[in-house]
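I opened this notebook to record what I looked up in one model. The entries run in the order of the searches.

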Amino acid sequence: MVNIPKERRTFCASKKCRKHQTMKVTQYKAGKASNFAQGKRRYDSKQMGFGGQTKPVFHKKAKTTRKIVLRLECKKCKTKKQLTIKRTKHFELGAKKVESGHQY
C-alpha cells in the first residue's frame with residue numbers, strides 16, 4: 001500500500017521557476033487511443049477482408065502490478081512533469097494515515 005500526499009515540494013525545471021516549488025500531485029492516466037494514428041490505420045487495413053486475425057494477440061501476462069506514474073503540476077507556472085515510482089498493487093493519493101495501536 002503506497003500513500004502519497006496531494007501536494008509535494010520539489011524542483012520545477014521551467015524557465016520561470018528553476019527552484020523548488022509546491023506541486024499538485026495527480027495520478028497519470030493514458031488518454032483515449034486515436035483511430036487515426038498510423039499504427040491503428042495500418043492494423044485496421046490489414047484486418048480487413050478474409051483471413052482472420054493477422055497480428056499476434058498477447059496472452060502471456062506475467063506482471064501482477066503496475067509502475068505508478070505521478071503527474072506533478074507547478075502551482076506557480078502550471079508546468080507539468082511526470083515522475084515514476086515503484087511497482088505496487090494498491091495506490092492512494094492523500095489518504096489519512098491510520099494510527100497504529102488501540103483506538104477508543
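The entries below cover the conventions, the nonpolar core, the cysteines, the loops and the pocket.

**Conventions.** I worked on a predicted model, in which local features need pLDDT of at least 70 and side-chain atom pairs count only at pLDDT 80 or more, while totals for chains, interfaces and linings use all residues. I numbered residues from 1 along each chain as its sequence is written, and side-chain values use heavy atoms, with hydrogens and water left out.

Entry 1: I took buried as under 20% relative accessible area, exposed as over 50%, and partly exposed as in between, with a 1.4 Å probe and protein chains only. The largest core holds 11 residues: I4, C12, C17, M23, V25, I68, L70, L72, C74, C77 and F91. Two or more of its residues come from each of strand 3 (19–27) and strand 4 (66–74); helices (H or I, at least four residues) and strands (E, at least two) are DSSP runs, numbered from the N terminus. Strand 4 contributes the most to this core, with 4 residues.

**Entry 2: cysteines.** I then asked how many disulfides a search of the whole structure finds. The search returns 0 disulfides, a disulfide being a pair of cysteine sulfur atoms within 2.5 Å. The sulfur of C17 has its closest cysteine sulfur in C77, at 3.6 Å, so the two are too far apart for a bond. I noted that C17 is buried, at a relative accessible area of 13%, and that C77 also counts as buried, at 13%.

**Entry 3: surroundings of C77.** I listed contacts, meaning heavy atoms within 4.5 Å. Leaving aside residues up to four places away in sequence, C77 touches C12, S14, K16 and C17. With that exclusion, S14 touches C77 and T79. S14 sits in the loop between strand 2 (7–12) and strand 3, and S14 is buried, with a relative accessible area of 13%.

Entry 4: I looked up the pairing of strand 2 with strand 3: the two run antiparallel and are joined by 6 bridges, strands being paired if DSSP finds at least two bridges between them. F11 has H20 in strand 3 as its bridge partner. The hairpin has 6 residues between the strands, and R18 there takes a positive phi near 55°.

**Entry 5: positive phi.** R18 is not a glycine, yet its phi is positive. I recorded R18 as exposed, with a relative accessible area of 53%. K78 likewise has a positive phi, of about 65°, although it is not a glycine. K78 belongs to the loop between strand 4 and strand 5 (80–88), and K78 is partly exposed, at 49% relative accessible area.

**Entry 6: pocket.** Which residues line the largest pocket? I found Q27, Y28, R66, K67, I68, V69, T88, K89 and F91 in its lining. I used a 1 Å grid over the protein atoms alone, on which a pocket is an open set of points where a 1.4 Å probe fits, with protein on both sides within 12 Å along at least five of seven lines, and lining residues have an atom within 4 Å of a point. The volume is about 170 Å³, taken as the space filled by probe spheres set on the points, which are joined across faces, edges and corners. Strand 4 supplies the largest share of this lining, 4 residues.

Terms used. A nonpolar core is a set of buried Ala, Val, Leu, Ile, Met, Phe, Trp, Tyr and Cys residues joined through side-chain atoms within 4.5 Å.
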